[in-house]
Amino acid sequence: MTDQADQSRRNFLYIAAGGLGAVAAGAAAVPFIGSMFPAADTLAAAKTEFDVATVEEGQLVVIQWQGKPVFVSNRTPELLAQLDGHDDMLKDPNSEAIEEVSAEWMTAENRKYRSIKPEYFIAVASCTHLGCIPLYKPSAGRKEWGTAVPEDWPGGWHCPCHGSLYDLSARVINGSPAPHNLHLMPYKYTSDTKVVIG
Amino acid sequence: MLDTIMQTKLFAWVDRRTGAADIIKSQLTEYPVPKNLNYMWNFGSLALLVLVLQIVTGIFLAMYYKPSAALTYGGYTVAFDSVERIMRDVNFGWLIRYMHAVGASAFFVVVYMHIGRGLYYGSYKEPRELLWIIGVVILLIMQGSAFFGYLLPWGQMSFWGATVITELFGALPIIGEYLQQLLRGGFAVGDPTLNRFFSLHYLFPLLLAAIVGGHVHALHVVHSNNPEGIDVHSDDQKINFHPYYTIKDAFGVGVFLTIYCYVVFFNPQMAGYFIEVDNYVPANNLQTPAHIAPVWYLTPWYTILRSFESKLLGVIAMGGSLAILFVLPFLDRSKVRSGRYRPMFRLMVVMFFVDVIVLGYCGHSAPSETLKLVGQIATAYYFAFFLLLPFLPMVEKTKPEPEGI
Ligand code: FES
């Protein structure tokens with residue numbers, strides 16, 4: 001029997017059957033892995049509406065979007081002025097690393113503001129290092145904040161976890177462990193002060 | 001005792017259908033073990049004991065624990081409240097929960113001692129490479145399981161710890177973002193995360209039990225190393241596992257349980273080391289605690305992560321520091337096993353133990369400039385230890401090993 005068997009045909013059949021089995025097993029894994037991704041209702045809750053007029057001048061509020069915290073800050077002209085003059089301290093002064101989300105409205109002038117309306121700044125409140133929520137320390141210098149911030153602090157956010165620093169447009173400052181500026185998310189104004197985030 | 005049981009009719013009936021007598025003989029009563037094992041060899045059986053304790057207490061806790069982040073009338077969450085209910089209302093709930101929480105730390109104490117013993121006496125070397133590698137898999141599953149479990153009380157440290165660690169996976173190129181969503185089941189840590197972590201926290205110990213079976217089986221094929229690190233051949237240098245080492249292990253269990261019970265009853269939180277203080281504050285996704293640190297047994301790796309400016313490098317280094325354990329048997333080229341006969345290795349390995357403790361300390365403390373530097377040096381030594389091993393035999397003059405034990 002054995003010597004009559006065509007071994008190469010037999011091997012082909014083994015490999016074909018085994019290969020098919022592996023493909024089937026792989027296909028069977030799809031629904032299981034797939035089930036672990038965000039469910040439809042989680043995705044559906046992906047938009048948030050907010051009225052920026054509720055934020056007082058110079059104040060910061062934290063709202064929720066997709067279960068993530070989001071910063072909305074109202075920047076006075078003084079605070080906006082604090083955005084100038086420290087581009088050389090920034091890792092990515094023009095926010096070029098992750099363009100897509102803001103591509104629609106980002107123009108040469110509002111690159112430093114990183115927002116549609118300069119006075120209302122909106123960004124995801126998770127430090128791009130490991131996701132802690134940075135603390136808002138808007139005034140410049142060390143007067144109010146002590147040694148947690150550098151001498152030439154331009155005002156912005158300080159992450160308590162590993163010390164990342166961001167300026168008032170949440171652009172990350174050199175020497176921080178965080179790799180990127182705080183992420184922006186897609187949003188648009190539906191009226192003068194109403195924004196839809198997501 | 002065992003003999004009398006084995007002579008009964010009932011046992012004979014079972015034996016004919018299972019071969020139980022042969023198993024008992026080959027694995028216990030006639031399983032040969034070097035006669036000179038010291039107390040460092042107790043930690044394997046202790047680890048098995050703690051695993052059983054964790055599984056048993058965990059099963060009972062799961063009868064009352066509810067993995068849901070839904071808000072309750074009190075303004076907390078279902079999960080947080082169910083843990084507090086276990087502590088206050090469930091009969092003996094406080095005891096079972098403290099046993100489980102202290103057990104987690106005890107598990108790592110015991111396993112780290114077990115690993116340290118393997119390192120010092122060269123137990124990972126030929127022919128025990130695979131035994132060691134299976135052990136590293138066990139360590140990884142334990143760490144995963146502990147991480148999943150830590151989310152369940154849904155306190156501040158649970159929540160932010162899970163956020164930070166799942167965020168790590170996001171640092172990986174291309175797959176990072178998907179992997180992160182897969183772990184979280186959403187865009188941030190939330191209810192879906194809690195549910196799946198509970199499921200995985202229940203699954204991992206089962207995996208653990210199976211793999212521990214493989215570990216013990218592999219051990220019984222290659223047999224125990226010993227403090228001298230030499231192969232023992234002649235029968236007069238070995239004794240049977242039962243009753244000699246069962247008794248010795250039982251003594252170890254007695255000592256262990258004394259300490260364990262002391263901690264469970266008198267100091268279950270261990271000054272914030274076993275249960276962190278921040279975890280008594282319910283999870284709040286809008287506020288980060290001032291200082292986030294993992295539980296003590298994960299802090300050495302957390303320091304390695306923090307030692308790098310670049311997030312991706314940090315993640316790679318942390319992964320690498322665990323992965324390098326897999327190749328340890330192949331990095332160490334010396335034929336001599338035991339640290340007793342390797343003066344330079346002995347110094348290096350003792351420094352390595354100190355180094356890991358330093359790493360752990362740095363990871364547990366709030367970050368500061370000095371600690372960062374200390375952490376970086378310690379991280380450098382962690383890797384240097386492994387990477388120097390292949391070259392060590394070129395310069396090291398080993399001492400002569402004894403003929404027998
Ligand atoms: S999470 Fe913000 S600095 Fe690490």
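Which residues in H7(B) meet B:Ser158, B:Gly161, B:Ala162 and B:Ile165 in H8(B)? In this predicted model, B:Phe147, B:Tyr150 and B:Leu151 of H7(B) do so, contact being defined by C-beta atoms, placed from the backbone, that lie within 7 Å. By class, five residues of this contact are nonpolar, two are polar and none is charged; Ala, Val, Leu, Ile, Met, Phe, Trp, Tyr, Cys and Pro count as nonpolar, Asp, Glu, Lys and Arg as charged, and the others, Gly among them, as polar. Helices (H or I, at least four residues) and strands (E, at least two) are DSSP runs numbered from the N terminus.

Helix H7 (residues 129-151) of chain B packs on helix H8 (residues 156-169) of chain B at about 135 degrees, and their axes are 8 Å apart. H7(B) is therefore oblique to H8(B). Axes are lines fitted to C-alpha atoms, for helices over the stretch in contact, with angles from 0 to 180 degrees between N-to-C directions; angles under 35 degrees count as roughly parallel, over 145 as roughly antiparallel, 65 to 115 as roughly perpendicular and the rest as oblique.

Residues are numbered from 1 along each chain as its sequence is written, and chains are lettered from A and ligands numbered from 1 in the order in which they are written. As the model is predicted, local features need pLDDT of at least 70 and side-chain atom pairs count only at pLDDT 80 or more, whereas totals for chains, interfaces and linings use all residues. Chain B has a mean pLDDT (the predictor's confidence in each residue, from 0 to 100) of 93, with 100% of its residues at 70 or more. Within chain B, the lowest confidence is in helix H1 (residues 2-6), with a mean of 88, and the highest in helix H6 (residues 93-120), at 97. The model has an ipTM of 0.75 and a pTM of 0.88.

In chain A, strand E2 (residues 60-65) and strand E3 (residues 68-74) form an antiparallel pair over six bridges, pairing requiring at least two DSSP bridges. A:Val70 in E3(A) lies opposite A:Ile63. Two residues separate the strands of this hairpin, in which A:Gln66 has a positive phi near 55 degrees. Strand E6 (residues 156-158) of chain A pairs with E7(A) over three bridges, and A:Trp157 has A:Tyr166 as its bridge partner.

Methods:
Two residues are in contact if their C-beta atoms, placed from the backbone, lie within 7 Å.
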